[in-house]
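Hello,

Here is the structure for you to look through. Please open it alongside this message, and my findings follow below.

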Amino acid sequence: MNKIIYAQLAALAVTVAVCALISGINGFWSALAGGLSYLLPSAVAVLLLKLFKPYPQLAGTAFLIGEGLKVVLALVFMLIVFAVWHETLQFLPFIAGLLAVSHLVFLALLRVRDYGR
């Protein structure tokens, strides 16, 4: 579980650097805000799963609660970012940061493990 968080953090760092080169400082902050909007809820979900690891009978419930909490927290963080920072937020770097953290790393990890089987 920690590997996914570290991989998401690495993907976010690369995406933030690319967006900073292309779009400047506003692209940097927008990509960072987009990535953190999903990275922080993912970290909360991983923490919840670690707390329930000693209780295998509650593992399924903890997973469902963690995923639900992750979705809700991601939406709340995105709404906060849009509400506070809507005037200077650049949408494409924001989406790039969000997608780099939420989808690309997850798909890459799944694909690498399945090759060669």
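Phenylalanine 28 is partly exposed in this predicted model. Its relative accessible area is 25%.

Now the aromatic pairs. The whole structure has 2 of them. Phenylalanine 28 and tryptophan 29 make one, and its geometry is edge-to-face. The ring centres are 5.0 Å apart, with 80° between the planes.

Phenylalanine 82 and phenylalanine 94 also form an aromatic pair. This one is tilted, with 50° between the planes and 5.0 Å centre to centre. It links distant parts of the chain. Phenylalanine 82 sits in helix α2 (residues 59-85), and phenylalanine 94 sits in helix α3 (residues 91-114). They are 12 residues apart.

Phenylalanine 94 is at 1%, so it counts as buried: the cut-off is under 20%.

Next, the core. The largest nonpolar core has 16 residues. Phe94 is one of those with the most contacts inside it, and so are Leu12, Tyr38 and Val101, among others. Helices α1 (2-51), α2 and α3 each supply at least two residues. The largest share, 9 residues, comes from α1.

What does valine 101 touch, leaving aside its neighbours within four places in sequence? It is in contact with Gln8, Leu12, Gly35, Tyr38 and Leu39.

Best wishes

Conventions:
Residues are numbered from 1 along each chain as its sequence is written. This is a predicted model: local features need pLDDT of at least 70, side-chain atom pairs count only at pLDDT 80 or more; totals for chains, interfaces and linings use all residues. Side-chain values use heavy atoms; hydrogens and water are left out. Rings of Phe, Tyr and Trp (its six-membered ring) pair if their centres lie within 6.5 Å; planes under 30 degrees apart count as stacked, over 60 as edge-to-face and the rest as tilted. Buried means under 20% relative accessible area, exposed over 50%, partly exposed in between (1.4 Å probe, protein chains only). Helices (H or I, at least four residues) and strands (E, at least two) are DSSP runs, numbered from the N terminus. A nonpolar core is a set of buried Ala, Val, Leu, Ile, Met, Phe, Trp, Tyr and Cys residues joined through side-chain atoms within 4.5 Å. Contact means heavy atoms within 4.5 Å.
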